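Subject: Structure for your review

Dear colleague,

Please find below the sequence and the structure that I am handing over to you. A summary of what was found follows directly after it.

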Amino acid sequence: MAVNKNEPGLKKVSSLGYALLCLLARRDRSGYELALFTSPPRTYLLWSARHSQIYPELAKLTAAGLVAFSHVAQESRPDKKVYRLTTRGKRNLRDWILQKPRATPFRQELNLKSHACWLADPEDAAGLFREQAETARAE
């Protein structure tokens, strides 16, 4: 789990949490929509998570002030929550993007970071990717 050193009192955010923040950085989404991006066969971020993991993680992100939600009324279905990234969440995500990703065999943080790197300073983001390219060449 990564923690944003710039946010005092902020609890650690899991890799799944950052995957959700990356998706919310692009646009507001419901929990169902977030699940579509992280469930087979559509694991667009090369990240896999079940509904039973996503909703508790959204609750943690909401409690931490990184995301907020609004209720959307639906006629033939129960109301739904649409989640959005808060200013604090965007700042946390931007700081996390530039941290060196942890090497993991099945889930690649670098892939997540590339999805939201547009939030970071372009030179800093380019430096991260250059460093990762050098690491890959060395391996």
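In this predicted model, helix H1 (residues 15-26) packs with helix H5 (residues 109-116): their axes come within 9 Å and cross at roughly 20°. An angle under 35 degrees counts as roughly parallel, and H1 and H5 are therefore described as roughly parallel to each other. Their crossing is left-handed. On the H1 side the contact is made by Ser15, Ala19, Cys22, Leu23 and Arg26, and on the H5 side by Glu109, Leu112, His115 and Ala116. Sorted by class, the contact of H1 with H5 comprises 5 nonpolar, 2 polar and 2 charged residues.

H1 also packs with helix H3 (residues 51-63), at an angle of about 80° and with the two axes 10 Å apart. Because angles from 65 to 115 degrees count as roughly perpendicular, H1 and H3 are placed in that class, roughly perpendicular to each other. Here Leu16, Gly17, Leu20 and Leu21 of H1 meet Gln53, Ile54, Glu57, Leu58 and Leu61 of H3. The residues of this contact of H1 with H3 divide into 6 nonpolar, 2 polar and 1 charged.

The cysteines were examined next. How many disulfides does a search of the whole structure find? The search finds 0. Cysteine 22, which belongs to the H1 side of the contact with H5, is in no disulfide, and the nearest cysteine sulfur, that of cysteine 117, lies 9.6 Å away. A disulfide would require the two sulfur atoms to be within 2.5 Å. Cysteine 22 is buried, its relative accessible area being 0%. Cysteine 117 is likewise in no disulfide, with the sulfur of cysteine 22 as its nearest cysteine sulfur at 9.6 Å. Is cysteine 117 buried or partly exposed? With a relative accessibility of 22%, cysteine 117 counts as partly exposed, since buried means under 20%.

One further residue may be of interest to you. Aspartate 95 is found in helix H4 (residues 87-97). Aspartate 95 has a relative accessible area of 23% and is partly exposed. In sequence, aspartate 95 and leucine 119 are 24 residues apart, while in space their C-alpha atoms are 9.3 Å apart.

With kind regards

Note on methods:
Residues numbered from 1 in each chain as written. Predicted model: local features only at pLDDT ≥ 70, side-chain atom pairs only at ≥ 80, totals over all residues. Heavy atoms only, no water. Axes fitted to C-alpha atoms, helices over the stretch in contact; angles between N-to-C directions. Helix = DSSP H or I, 4+ residues; strand = E, 2+ residues; numbered from the N terminus. Parallel < 35°, antiparallel > 145°, perpendicular 65-115°, else oblique. Left-handed = near helix turned anticlockwise from the far one by under 90°. Contact = heavy atoms within 4.5 Å. Nonpolar A, V, L, I, M, F, W, Y, C, P; charged D, E, K, R; others polar. Buried < 20%, exposed > 50% of the residue type's maximum accessible area, 1.4 Å probe, protein only.
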